[in-house]
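Here is a friendly walk through one structure. Please have the viewer open as you read.

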Amino acid sequence: MTGMRGLSVFISDIRNCQNKEAERLRVDKELGNIRTCFKNEKVLTPYKKKKYVWKMLYIHMLGYDVDFGHMEAVSLISAPKYPEKQVGYIVTSCLLNENHDFLKLAINTVRNDIIGRNETFQCLALTLVGNIGGRDFAESLAPDVQKLLISSSCRPLVRKKAALCLLRLFRKNPDAINVDGWADRMTQLLDERDLGVLTSSTSLLVALVSNNHEAYSSCLPKCVKILERLARNQDVPQEYTYYGIPSPWLQVKAMRALQYFPTIEDPSTRKSLFEVLQRILMGTDVVKNVNKNNASHAVLFEALSLVIHLDAEKEMMSQCVALLGKFISVREPNIRYLGLENMTRMLMVTDVQDVIKKHQSQIITSLKDPDISIRRRALDLLYGMCDVSNAKDIVEELLQYLSTAEFSMREELSLKAAILAEKFAPDLSWYVDVILQLIDKAGDFVSDDIWFRVVQFVTNNEDLQPYAASKAREYLDKIAIHETMVKVSAYILGEYGHLLARQPGCSASELFSILHEKLPTVSTPTIPILLSTYAKLLMHAQPRDPELEKKVWAVFKKYESCIDVEIQQRAVEYFELSKKGAAFMDVLAEMPKFPERQSSLIKKAEIVEDTADQSAIKLRAQQQPSNALVVANPQPVSGAPPPLKIPSQEPQSVARSISQPNGTSSNLDPQAPSPDLLSDLLGPLAIEAAPGAVSTDQHGPSGTGGHADEVDGSAIVPVGEQTNNVEVIGNIAERFHALCLKDSGVLYEDPYIQIGIKAEWRGHHGRLVLFLGNKSTSPLTSVQALILPPAHLKLELSPVPDTIPPRAQVQSPLEVMNIRPSRDVAVLDFSYKLGTIVVGAKLRIPAVINKFLQPLQLTTEEFFPQWRALSGPPLKLQEVVRGVRPLALPEMANLFNSFRVTICPGLDPNPNNLVASTTFYSDTTGAMLCLARIETDPADRTQLRMTVGSGDPTLTFELKEFIKEQLIVMPMGSRALVPAAAAPAPAAVAQPPSPAALADDPGAMLAGLL
Amino acid sequence: MIHFVLLVSRQGKVRLTKWYSPYTQKERSKVIRELSGVILNRGPKLCNFVEWRGYKVVYKRYASLYFCMCIDAEDNELEVLEIIHHYVEILDRYFGSVCELDLIFNFHKAYYILDELLIAGELQESSKKTVARIISAQDQMVEAAKEEAGSISNIIAQATK
């Protein structure tokens, strides 16, 4: 043994260090010493150089960074003498990894050693390349290495290294081996007598066939031959038997290579192979010697895999199952582990479910093994073998195990239990039990998917509702429950709590108190769910419960100014709604059934089945993108608010349309729209007529539509009660929308009159001129034009003459002043007579909010301080908008510019976002800067997130709503919220209900984008 | 394929590391820390396999030393377990009843021997005899070079007397 005193001394010093700190000091000292030596001594003796690089390797091994001296190590490779060269090669291959630049410098030296004549140098070089060679090596060295491998003059010593070196190069660059030429060579190599070379060559073959088995089909019989040779112990030198077994490693490799060929077609080859396999299956006994046992079982398990892969005759398969059955019940942990693992593999390829089921209790025992490795295998196997017949037993075992399982397994366990419960539930109440238990025992590991799914089941199955409600109620009695349990029980009790009303402790007010106790313990996302539940409880409290009302209202009041928009909005809306009596009942009616769809969990399960060995972490990563899948796409049905996770504009819309008729809410609620006095007048007149539906006869049915649609603003322009009978030319709504974006055009036209409009805007003032042109050859008489002004506008229309002569045009100026921000619209009540025909129309005047905007483009320096200064609600509001009509980004930018909200290009680093600014003018606010940011999702143009800010809460809100309308609605059309099932046709055009778009939670998606 | 070999003492001291897949120094330290945590804490009568980050680690304890090899999930675990034993037997034969101290002070020898056993994370030689022959040939070459150097310096020393 060659001693190296300095190295030994250093190692002893390190060993004698009392603590980590002392060790570090010693290491630092040594590194300093080495560094100086490398720097100062121009000619280091080979001995010293060797000693230093060994020390460096030792220090590196201890885990310290060695960031110098690599060059010295690499330079030793080119030393002429063996001892230095050897050290250079070994230390370099330990210190550097394949991507290190210094390695490139060494390629030439390494190549010279490979093609040189010195056998020992060849070995060193091949070892280095085999261990750390990268692509560069693959490109420049592969042919040389191939030559060595097939050379007849090289000794086995070199050739076996060449084989593995080539394997490395092939892994780094598959082109390193040219398939055409190499397949024959490979076949010849497998005839090799030297078992060292043969072992290495077989490893190479495994890599080659795993990549392309067809090209190497001629190697298949050779592999079988190798197995025969080993099985019969022919021509196997004593030194290649390991505990009496002819090279178990070579046997395993040969069988592994065979598993990459789909089948074995040649009957005689197949026969020979099966003889060998049969011998292995039958002839492997358990012996006392551990190593012999391991080696023979290594071969046996590989044989099992091969048999399963070849889908052998039934008899042999049942032998395998019998063997595995034996293995999973032995005490020896390695064999049991492998038995479980291979049984799981077997399940996936063949139909042996029934046989494996016989071992169920044995497998469950392994689920309680002290060894986590074994428990993991047992869990996987139980999961794989579960079906309707044994689901109850298996899932209950999993649940039981959940309480004691270590954290690293809980996630996987609960996911698997949930999937099995859903997939194989014999009855739904059991399913509900399982999920609630899961949440109870391992709430942290129960993803939203799981509880969304249970809600969906309960909603869709009436029979299940009382049961689920009473179960949820039971869990609430527990002292500490997981937040997910609060969510799911709150949801279920909100919907179905009233079904329990007769049971003790389940009155609305009792449910409220027990739920409300939990509120202080939950996080922000749970509070909106609780608020919804309170609202529902309040609604269900029959007869009215003034006590409960008071309590609930107090809660709503409390959250009215909550910083969280979702909570605030719900609080405000529910508060308002709860005072609306019948409307309240309507809005909070029971949730409609969910459309049937495949469970996202099961979908995941299907992915999982492809890759049985996947860790829970990976599983979870796969789930992430679709977490919100289960409940987040409520169908927009008949005016009832969607359930949880609703896009927040929906309840808003309902609240708005209901609050308007009374016109009382604005004082209570800074965010609510200002009262619209006109609603009272216009409400009964209902819907803006579709083109052609002007006559009274026709407008009747369309007038039954109930609430006017808020999206179009509250002003409705129907034709009055007059007995008019003319056909309107063009679409009134379309004309109005067009005029909202431009300043002159036709407002109204019929066979007899055309009303044009021209407008000029300055600050909060506007001057419009109405052009009333008589198209007919008779005079229009009793002409009346009356402005119905909304509260926020001051309007003065110059008198219109009573008669308009034939073919004449009269002008009538209209002065507008904007008092405060509002989206309400002024209406022109217009009528005339032509002979006996009376025609009347109520026309919206395009004096809308954007007319009081002045384009304004900001720079980065101007924009961001302002943006940051607006801290949050109510000055800055954010909302996820769905059902946006899909627009390319430039189109959307044009749209914004068209209503004078100026896009500021380049301000937002994300190219999918738009940032815009404008100035708003009104009498009360004066000139006020407004900022907006739109975050779009390139994957789904029907949704976006919008943030609007200004110095005035009402302005922010109104502007946000205005922008939303522009994005959602096509510039046409009334959207009627028709009760019952009648499909609102124009709405369907404007807002295509694309389930795909709604399926994912845009909030989550956008969050991902940002 | 074996991704890395790790020898670590019961106290968590690293005695040898060999990496066949590219890991940065940072990753190497992390892997060692994580795995020694897992493996050193395992009880004595458990199986020799640990599932870790989608890989499997096959390990075996010999006296105070744990020998660990990280392999792909679908590799043959027992085969690798016996590669470990094979390595230990070769070390044992070389050092003559090997103990941890031998490996501490002759860690470079442990590397030489490992290089004759594994390349590219695959078994290269399954004959103990062959490996022993190669290693002793290497030792002789080193000795020969030393003697040669010695004799040259003797000559120089005598000539300059």
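Leaving aside its neighbours within four places in sequence, A:N97 is in contact (heavy atoms within 4.5 Å) with A:L103, B:P22, B:Y23, B:T24 and B:R28. You will find A:N97 in the loop between helix 5 (82-95) and helix 6 (101-115) of chain A; helices (H or I, at least four residues) and strands (E, at least two) are DSSP runs, numbered from the N terminus. A polar atom of the A:N97 side chain lies 3.1 Å from the backbone oxygen of B:Y23. Is A:N97 buried or exposed? A:N97 counts as buried because its relative accessibility is 17%, where buried means under 20% relative accessible area, exposed over 50% and partly exposed in between (1.4 Å probe, protein chains only).

Before going further, a word on the ground rules: this is a predicted model, in which local features need pLDDT of at least 70 and side-chain atom pairs count only at pLDDT 80 or more, while totals for chains, interfaces and linings use all residues. Residues are numbered from 1 along each chain as its sequence is written, chains are lettered from A and ligands numbered from 1 in the order in which they are written, and side-chain values use heavy atoms, with hydrogens and water left out.

Now for the interface as a whole. In it, 72 residues of chain B are in contact with 80 residues of chain A. The area buried between the two chains (the accessible area, with a 1.4 Å probe, that two parts lose on being put together, summed over both) is about 6400 Å², and carbon and sulfur atoms give 54% of that. On the chain B side, B:E51, B:L78 and B:F107 lose the most area to chain A, together 10% of what that side buries.

Chain B also holds an open sheet of five strands in the order 2-1-5-4-3, with antiparallel pairing; two strands pair if DSSP finds at least two bridges between them. Its edge strands, strand 2 (14-19) and strand 3 (49-52) of chain B, each pair on one side only. Strand 1 (residues 2-9) and strand 2 of chain B are joined by five antiparallel bridges, and B:L7 has B:L16 in strand 2 as its bridge partner.

| Helix | Strand for the angle | Angle |
|---|---|---|
| Helix 17 (residues 333-349) of chain A | strand 3 of chain B | about 45° |
| Helix 2 (residues 77-95) of chain B | strand 4 of chain B | about 35° |

Definitions and conventions: Axes fitted to C-alpha atoms, helices over the stretch in contact; angles between N-to-C directions. Polar contact = N/O pair within 3.5 Å; in protein donor to acceptor, adjacent residues only side chain to side chain.
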